[in-house]
Amino acid sequence: MIYRVDAYVGLGSNLDAPIAQVRRALDELGKLPLTESIGASRLYVTRPVGPQDQPDFINAVAHLSTHLSPLALLDQLQALEQRHRRRRIRHWGPRTLDLDLLVYGNETLQLPRLNVPHPQMKVRGFVLLPLAELAPRLRLPDGSHVGALAKALGTTDGVEVLPDNLG
């Protein structure tokens, strides 16, 4: 039996009403089997990583408490992406919904389908800023603190909190 584990999931969308996509996904995350939604960051507007010939992204981070194993949670996240009509056409390309398992308890995993903590999270403002907002004292398995990592990131160019009147 898997004990209850705190997990953090990054969300992103830049197609088909991205604000609505992310909000709906935040609601749906709390309805995953054996999983409870603990909280979520505000929504952020972010310039795309990679190809710039696409709309800006809406990003957020969700805090979940789950009894699912890391791979079972990944399967649920990918199924949720599919329900949002996610298509993988181009690396770092536009998408209706992207869900990344960022942190799973204090686990460090390097599996063919899953690396946790997410290998790029420490250099991506669109992950660190909402994660630090949600869990500034969170300590990653390597001992680093999310709040300190976000502060040390230096630049937040292209990552802004979504203005209230847009959301």
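I began with the terms: helices (H or I, at least four residues) and strands (E, at least two) are DSSP runs, numbered from the N terminus. I noted that this is a predicted model, in which local features need pLDDT of at least 70, side-chain atom pairs count only at pLDDT 80 or more, and totals for chains, interfaces and linings use all residues. Residues are numbered from 1 along each chain as its sequence is written, and side-chain values use heavy atoms, with hydrogens and water left out.

**Entry on Thr-46.** I looked up Thr-46 and found that this residue lies in strand β3. Thr-46 is buried, at a relative accessible area of 2%, where buried means under 20% relative accessible area, exposed over 50%, and partly exposed in between (1.4 Å probe, protein chains only). I then saw that the side chains of Thr-46 and Asn-59 are joined by a polar contact of 2.9 Å; such a contact is a pair of N or O atoms within 3.5 Å, and within protein one must be able to donate a hydrogen and the other to accept it, while residues adjacent in sequence count only if both atoms are side-chain atoms. Beyond its neighbours within four places in sequence, Thr-46 is in contact (heavy atoms within 4.5 Å) with residues including Asn-59, Phe-126 and Val-159.

**Entry on α3.** I turned to helix α3, residues 125-134, which is largely enclosed by the rest of the structure because eight of its ten residues are buried. Phe-126 is among those buried residues, which pack against elements including β1 (5-13), β3 (44-46) and β5 (98-104).

**Entry on β5.** I found six of the seven residues of β5 buried.
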